[in-house]
Structure formats: C-alpha cells, structure tokens
Amino acid sequence: MTSIRHNEGVLDAARDCMLAYGVRRTTLTDVARRAGVSRMTIYRRWPDVRTLVADLMTREWVRVVEGLDLSDPVRAVVAGVRGLRSHPLWRKIVEADPELLVPYLLDRRGASHEAILAVLEPAVGDPARARAVLLVAQSFLLSAPTMLDPVTLDELDAELAALLEAYLG
C-alpha cells in the first residue's frame, strides 16, 4: 500500500494514541509528541485527525487482509472477519467512536474497501460477486455481536461460511 502521506512512525504513534485515548480525544499534537516529530511534520501530510484516522484504518485493515490465503475464498473471508473483529483498533473504534464508521456504511467506499475489493475480485472471479461478498462480510463484522444470544460468534461465523459456500459454490 503506497501513499505519499504514509509514514509508519506517525501511523504507529496515531494507533497508540487512539488506543489509549480514543479517536475523538486524540489530537495531531498528541500524535506528533508520541512520534517524536513536530506538529508541522504531521500537518504537512495530514490536514486533520480525520484524514490521519482514515489512513491508519486503511493500513490496519489491509494488513489483516494481506495475510489471508485466498486459495479458499470462503475461509479467507471468515478469517478476515474474525481478524478485523479482534483487531484492537477496530474494537476501540466500535466501543468508543462507532460514528466514524457511518460514512463508510452509508455514503462512500473507503480506501480499505477498494483494497479489499482488489483482493476479492480475482479470488471470486467477478466484480459484482466480490461486492456482494464484501457486503455480507461487513454485516457479519459489524452486526454479529447484536445477534449473540443464544448463539456464539463461532456459530455465526460458521453460518457466514455456509452462506458463502452456497453463494460461491
């Protein structure tokens, strides 16, 4: 993943700040201090925290997806959902700042979506199928915790696999 804005040290510092304080309470000053750089260094690359958060989320979510074995797309998608669901930054955002996710659910595709689609399309063989699989996976990622009683996450993940097996063949 390449971007002129990416600076691993700053993104690492941003992740640490967001895990410690939450996204809304993290400032670019906090990130600069933790990264050991000036505020101007941050502002040259990221005009605001929102932009920094978007780049951080993309980096983190793509890292989860990059490690998947797509020779079996069903297992890969279920593993990706589990990996994201257990990711510390994902959990922090869902628990403390879930409103950050709303634009990516209702208004627009983000860079993470684009990166995931770039991986899914060749694995499932069709752009429309890749989008459908992503939508299903996204619903299991976001809403599975609301459906836990009387079933478990493992049981829901097995249902996700069954749905995907039936759909993808």
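I shall speak about helices, their packing, an aromatic pair and a few single residues.

First, the conventions. This is a predicted model, in which local features need pLDDT of at least 70 and side-chain atom pairs count only at pLDDT 80 or more, whereas totals for chains, interfaces and linings use all residues. Residues are numbered from 1 along each chain as its sequence is written, and side-chain values use heavy atoms, with hydrogens and water left out.

Let me begin with helix H4, residues 49-66. Helices here are DSSP runs of H or I with at least four residues, numbered from the N terminus. The 18 residues of H4 should span 26 Å at 1.5 Å a residue, and the end C-alpha atoms are 25 Å apart, which agrees. The expected span is 1.5 Å times one less than the number of residues. Of the 18 residues in H4, 15 are buried, where buried means under 20% relative accessible area with a 1.4 Å probe, protein chains only.

Which residue does Trp61 pair with? A search of the whole structure finds 1 aromatic pair, and Trp61 forms it with Trp90. The rings are edge-to-face, at 5.6 Å centre to centre and 70° between the planes. Rings pair if their centres lie within 6.5 Å, the six-membered ring being used for Trp, and planes over 60 degrees apart count as edge-to-face. Because Trp61 lies in H4 and Trp90 in helix H6 (residues 88-96), the pair ties together parts that are 29 residues apart in sequence. Both Trp61 and Trp90 are buried.

Just after H2, Gly36 takes a positive phi of about 75°.

I turn now to H5 (residues 73-86) and H9 (residues 127-143), whose axes come within 10 Å and cross at roughly 40°. Axes are lines fitted to C-alpha atoms over the stretch in contact, with angles from 0 to 180 degrees between N-to-C directions. Val77, Val81, Leu84 and Arg85 in H5 meet Val133, Ala137, Phe140 and Leu141 in H9, contact meaning heavy atoms within 4.5 Å.

Finally, Gln138 also lies in H9. Gln138 is buried, with a relative accessible area of 17%. Leaving aside neighbours within four places in sequence, Gln138 is in contact with Leu105 and His113.

Methods:
Helix = DSSP H or I, 4+ residues; strand = E, 2+ residues; numbered from the N terminus. Buried < 20%, exposed > 50% of the residue type's maximum accessible area, 1.4 Å probe, protein only. Phe/Tyr/Trp six-rings, centres within 6.5 Å; stacked < 30°, edge-to-face > 60°.
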